[in-house]
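Let us walk through a protein fold step by step. Keep the sequence and the 3D view side by side as you read.

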Amino acid sequence: MTPGYIDVHTHYDGQVCWDDQLDPSASHGVTTVVMGNCGVGFAPVPRGGEHDLIGVMEGVEDIPGTALYEGVDWGCWETFPEYLDYLASRHYALDIAAQIPHAALRNYVMGERGRANEPATQSDMLTMARLVEEALAAGAAGVSTSRTIGHRGTDGFPIPGTFAQEEEVLLIAAAMNKSGKGTFELIPAGTVGDLKVLGGEQTTLQDEVSLMQRVSQVSGRPVTFTLLQLHESPSSWREVLDRVTAINGAGGRLFPQVASRPIGLVTSLATYHMFERRETYLKLADLPFEQKLAEMRRPDVRAAILGDRDIPSGASGMMANAHMIFRGSSKRLVRVEPAHQL
């Protein structure tokens, strides 16, 4: 018999409202999930203000907004302690831990200013710190934030907290120190590269490691972050690990979450793909699948699709538009399944 697995990085924040089983995690042997990662989640939330948090989650994690509008029990909580009470009123096939997300926290305290990533005032920061203390006292597993411009809402803008000043981050860390509880989960700028295609990260991964070191010192709590091997800098992960080893040797508590495989994109004609917003393809999109394939195999249709312009879909930050941003930014080869070859 194997022990149960603890999945420390999930985004079940919406699904916990309509699914007691939390599959596929439960079926795969996971016995505890941690949600509220990457700074995104659904508490605290102003009454009637769910729209802004849904836009963040849909943009970052591609969870359909329709499911979140209809499936989440909006109105059952406002504060993070109330959110935990809501979760405690339900029954699940496994254990759940929730972090208080920086994007939701900033939106709750600062409103439009927070969503626009304006600098927080001293009053804003002290309020956020107080709410973090309350959340940790109520049972929050920690705090999470994202600092990469790759995490964008459906409006196309980086999510709240992406450019938070060091003082804001460290005041949150100080609140954790005062509570003596929780972990600080962070997605650093540079996690998936410099993202020049999106305008470029504002800080480097090495700068972020220095910030995380200070967060660890101020909070006295474990700091965990995503670390990946980058195509344009294949040895940077080793440099980061060497720095983390030195920092931890001096009393720090940094814990990288290292992915077992590179971040990639699985694409097919039945899901997202590079042709889906092409003008000619849109005329075929509603055809039965086999008929659509037959049409796309026609030389004139192929040529038209390849030469077409893209027609944006809805809000700019929606996943359906991602290929228009990243097309041509990668020179890697992709494997095409024979059944879907054109």
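This is a predicted model: local features need pLDDT of at least 70, side-chain atom pairs count only at pLDDT 80 or more; totals for chains, interfaces and linings use all residues.

**Strands, helices and cores**

Strand E2 covers residues 30-35, and strand E3 covers residues 95-101. They pair in the parallel sense, over four bridges. Look for Thr-32: it stands opposite Asp-95 in E3. What holds such pairs together? Strands of a sheet pair through backbone hydrogen bonds, either parallel or antiparallel.

Now widen the view. E2 and E3 belong to an open sheet of seven strands. The order is E1-E2-E3-E4-E5-E6-E7, and the pairing is parallel. Which strands stand at the edges? They are E1 (5-7) and E7 (254-258). Each has a single partner strand, so one side of each is left without a neighbour in the sheet. The sheet is also twisted: from one strand to the next, the twist averages 25 degrees.

Helix H3, residues 80-88, lies across E2 and E3. It runs at about 165 degrees to E3.

Then turn to the nonpolar cores. The largest one has 68 residues. Which members touch the most others? They are Val-16, Trp-77, Phe-80, Tyr-83, Leu-87 and Phe-184. Helix H6 (residues 122-138) gives this core its largest share, seven residues. Follow one member, Leu-87. Leaving aside residues up to four places away in sequence, Leu-87 touches Val-16, Met-35, Tyr-92 and Ala-98. A second core is separate and has eight residues. Among them are Leu-269, Phe-275, Tyr-281 and Leu-284.

Finally, step back to the whole chain. The chain has 13 helices and seven strands. Its radius of gyration is 21 Å, close to the 20 Å that the globule rule gives for 342 residues. The chain is therefore as compact as a globular protein of that length. Along its principal axes, the C-alpha trace spans about 65 × 50 × 45 Å.

How much of the chain is buried? Of its 342 residues, 46% count as buried. The accessible surface comes to about 16800 Å², and carbon and sulfur atoms hold 55% of that area. Consider contacts in the chain with a separation of 6 or more: residues 24 or more positions apart account for 72% of these.

Note on methods. Residues are numbered from 1 along each chain as its sequence is written. Side-chain values use heavy atoms; hydrogens and water are left out. A nonpolar core is a set of buried Ala, Val, Leu, Ile, Met, Phe, Trp, Tyr and Cys residues joined through side-chain atoms within 4.5 Å. Buried means under 20% relative accessible area, exposed over 50%, partly exposed in between (1.4 Å probe, protein chains only). Helices (H or I, at least four residues) and strands (E, at least two) are DSSP runs, numbered from the N terminus. Contact means heavy atoms within 4.5 Å. Two strands pair if DSSP finds at least two bridges between them. Axes are lines fitted to C-alpha atoms, for helices over the stretch in contact, and angles run from 0 to 180 degrees between N-to-C directions. The radius of gyration is taken over C-alpha atoms; the globule rule is 2.2 Å times the number of residues to the power 0.38. Accessible areas come from the Shrake-Rupley method with a 1.4 Å probe; for residues, only the protein chains shown count as cover.
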